[in-house]
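Let's take a walk through a protein model together. Have the sequence and the 3D view open, and look for each piece as we come to it.

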Amino acid sequence: MRVALATAVRTLPRGAGLAYEPKFDGHRMVVARSAAGVVLQARSGRIVTSAFPDLAAAALQLPAGTVLDGEVVVWHAGRTDFALVQRRAAATAARAAVLAQSLPASYAAFDVLELAGLDVRARPYERRRALLVDLLLPLGPPLQPVPMTTDPELAATWYETLPASGIEGLVVKRLDQAYPAGRRGWQKLRHTDVRDAAVVGYTGTPRRPLALVLVLPVGDETPLVSSPLTAALRREVAEAAAARGDAEAPATATVTAIGLGEVPYHALDPPLTAEVRHTSARHPPPEVLRLRTDL
């Protein structure tokens, strides 16, 4: 099942005929309920049913011939926690049963693609939304429709206030739009922040740094790998490393980078400071704007 995708925008789209939904920070998942049972599919097409037995069991309440599109999330301390979703997704079948009890998953559904065996993707979003609400509201958690509004002012309020709950932005859809399978037919507005971050290291070599290892001031001290550095920033970091006598130093630690696995990096102690632009989501990685030398 090819899922619909979204194009990033920098400002909130406004106008008649638009719908706004909170964008949850989780794993994209298609739920397919057939007469034979339930299949859970990740965006990549990988089958992840065994990793989420709690959602698979809940989806048995759906009528046969139902296909939903949405996001699986794990709530912790009043907000969604992407790291916990990753932990659930990576679990073995035996471990998944234990985690389903201690870290129960929720499914934030935002579209229905098939209902009672009927393909409804060609119907307008407004109609599909009504079908989705009618289907899920009687069932209740952990299968729930995402909130939706057609009021841009309420959507703007959501955008400003919901990040505290782990919401990473908004998705905007046309009310008259068919489901754009495999296409970027929706729009997404993510939260973007410019802030100071501690530079605790860098990847690459001392003579040619490639990216910075950062700790953001958001209460979570997990290091993140930045996006690739510009040529000017590479020179600045190389000069800072040389000034610290790091010209030939080997990499001293590793950090997990999304899509790259464990990456070796050169640690900096004391850290430098950089001004970075970073969305509230795990993608894309932080963009380094400049090193801060005025502190």
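**Starting from one residue**

Find Asp54 first: it sits in helix α1. Helices here (H or I, at least four residues) and strands (E, at least two) are DSSP runs, numbered from the N terminus. Before going on, know that this is a predicted model, where local features need pLDDT of at least 70, side-chain atom pairs count only at pLDDT 80 or more, and totals for chains, interfaces and linings use all residues. Residues are numbered from 1 along each chain as its sequence is written, and side-chain values use heavy atoms, with hydrogens and water left out.

The protein chain averages 88, and 92% of the residues score at least 70. Confidence is highest in helix α4 (residues 125-136), at a mean of 98, and lowest in strand β15 (residues 253-257), at 75. Where pLDDT is low, the predicted coordinates should not be read in detail.

Back to Asp54. Is it buried or exposed? Asp54 is buried, with a relative accessible area of 18%; buried means under 20%, exposed over 50%, and partly exposed in between (1.4 Å probe, protein chains only). Leaving aside neighbours within four places in sequence, Asp54 is in contact (heavy atoms within 4.5 Å) with Arg88, Ala100, Pro104 and Ala105.

Ala100 leads us to helix α3 (residues 93-102), where Ala96, Leu99 and Ala100 are buried. Seen down the axis of α3, these buried residues fall within an arc of 110 degrees (taken from the directions from the helix axis to the C-beta atoms), so they line one face of the helix. Why can that happen? An α-helix has 3.6 residues a turn, so residues three or four places apart point the same way. On the other side of α3, Ala94 and Gln101 are exposed. The cover over the buried residues of α3 includes α1 (53-59) and α2 (82-89).

Now for some strands. Four of them form an open sheet with mixed pairing, in the order β1-β11-β10-β2. β1 (5-8) and β2 (18-23) are the edge strands, each pairing on one side only. Two strands pair if DSSP finds at least two bridges between them. β1 and β11 (residues 184-190) pair in the parallel sense over four bridges, and Thr7 has Gln187 in β11 as its bridge partner.

Last stop: Leu212, in strand β13 (residues 209-215). Leu212 is buried, with a relative accessible area of 1%. Its contacts beyond four places in sequence include Val199, Tyr202, Leu224 and Val288.

Conventions:
pLDDT is the predictor's confidence in each residue, from 0 to 100.
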